[in-house]
Amino acid sequence: MPHQVRRPTPMPAFARYIGIDYSGAETPEASLKGLRVYMTEGGAVPGEVMPPPSPRWYWSRKGVAEWLVERLAEDVPTLVGIDHAFSFPLRYFEAHMLAPDWPAFLDDFQRHWPTDEPYTYVDDIRDGAKGDVEARWGNARWRRLTEERERRAKSVFHFDVPGSVAKSTHAGIPWLRFMRQRLGSRAHFWPFDGWDVPPRRSTIAEVYPSLWNRGFASDGRTPDQHDAYCIAAWLARADRDGSLATLLRPQLAPADSAVAQVEGWILGVPGEVGEARSDRRAAPKRVLH
């Protein structure tokens with residue numbers, strides 16, 4: 001039998017992994033039982049991270065964003081997975097005549113959907129009590145390319161249905177802007193800042209825990225806890241076994257790759273080798289790399 005040469009296991013790109021099961025309920029300051037955070041480093045089993053001592057029992061969206069800014073400012077390359085969409089379908093940009101530029105989208109969205117402002121519910125804006133929903137509406141039929149590839153993922157505009165991420169997406173996007181403003185180049189927002197992550201750069205990516213949560217025993221965790229646990233555990237495992245590097249570069253046709261850098265991509269969803277889909281519009285003329 002010929003001697004088999006064992007390939008060396010690649011060095012992990014990150015030292016710490018954080019999984020966040022998000023929630024769009026209530027206000028930015030509210031203590032949310034459905035908002036859970038798990039973290040692992042050094043090969044340990046992911047453990048739940050509780051908020052700093054306060055009258056609140058659970059994390060708030062504001063608290064999580066501030067905590068992430070503190071963690072990602074440290075000199076520890078960290079991969080964060082958050083389970084809400086980071087952007088909208090290209091059809092949204094076209095309908096509202098917006099440049100295909102993600103940082104500009106973040107500013108525009110926050111102006112019309114200020115869900116990070118104190119005492120503001122997502123439904124306050126949906127009902128017209130705050131913000132300007134009429135100027136920035138979306139259609140539940142519009143889907144991002146990554147949602148077309150992962151059929152279980154729902155449209156970011158599909159509210160009030162089981163499994164919907166619409167409310168958490170509309171509540172979470174302004175906090176991505178908050179983190180980006182405070183972290184600057186210390187954090188890489190994938191894939192908007194590029195498909196390739198610079199060495200030792202902390203990275204924030206969109207995830208969809210339904211891709212992996214059946215592969216981990218629940219061990220008595222609630223569904224929200226289990227999703228956050230699975231995100232952290234899967235990210236760590238994928239980095240250690242070398243598969244993460246491939247997943248960070250999904251095989252997409254050039255036009256689809258350009259679209260995905262505007263719409264975002266769910267980490268772990270495979271690409272589609274070959275020509276761009278014929279039923280999609282041409283790639284956006286200007287994409288931030």
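**A close look at helix packing**

Author: Let us start with confidence: the chain has a mean pLDDT of 92, and 91% of its residues reach 70 or more (pLDDT is the predictor's confidence in each residue, from 0 to 100). Over residues 274–281 the pLDDT is below 50, although this stretch has 17 contacts in the model beyond near neighbours in sequence (a contact means heavy atoms within 4.5 Å). The model is predicted, so local features need pLDDT of at least 70 and side-chain atom pairs count only at pLDDT 80 or more, while totals for chains, interfaces and linings use all residues. Residues are numbered from 1 along each chain as its sequence is written, and side-chain values use heavy atoms, leaving out hydrogens and water.

Now to the helices. Two packed helices are described by the angle between their axes and the distance between the axes. Helix α3 (residues 102–112) packs with helix α6 (residues 166–183) at about 125 degrees, their axes 9 Å apart. α3 is therefore oblique to α6 (under 35 degrees is roughly parallel, over 145 roughly antiparallel, 65 to 115 roughly perpendicular and the rest oblique). Axes are lines fitted to C-alpha atoms, for helices over the stretch in contact, and angles run from 0 to 180 degrees between N-to-C directions. Helices (H or I, at least four residues) and strands (E, at least two) are DSSP runs, numbered from the N terminus.

Which residues touch? From α3 come W102, P103, F105, L106, D107, F109 and Q110, and from α6 come H170, I173, P174, L176, R177, R180 and Q181. By class, this contact has eight nonpolar, three polar and three charged residues (Ala, Val, Leu, Ile, Met, Phe, Trp, Tyr, Cys and Pro count as nonpolar, Asp, Glu, Lys and Arg as charged, and the others, Gly among them, as polar).

Next, the surroundings. Six strands form an open sheet with mixed pairing, in the order β3-β2-β1-β4-β6-β5 (two strands pair if DSSP finds at least two bridges between them). Its edge strands, each pairing on one side only, are β3 (47–48) and β5 (187–189). β5 runs parallel to β6 (residues 202–206), joined to it by three bridges, and H188 has T203 of β6 as its bridge partner. Another helix, α7 (residues 223–241), packs on the sheet, where it touches β1 (16–21), β2 (36–41), β3 and β4 (78–82).
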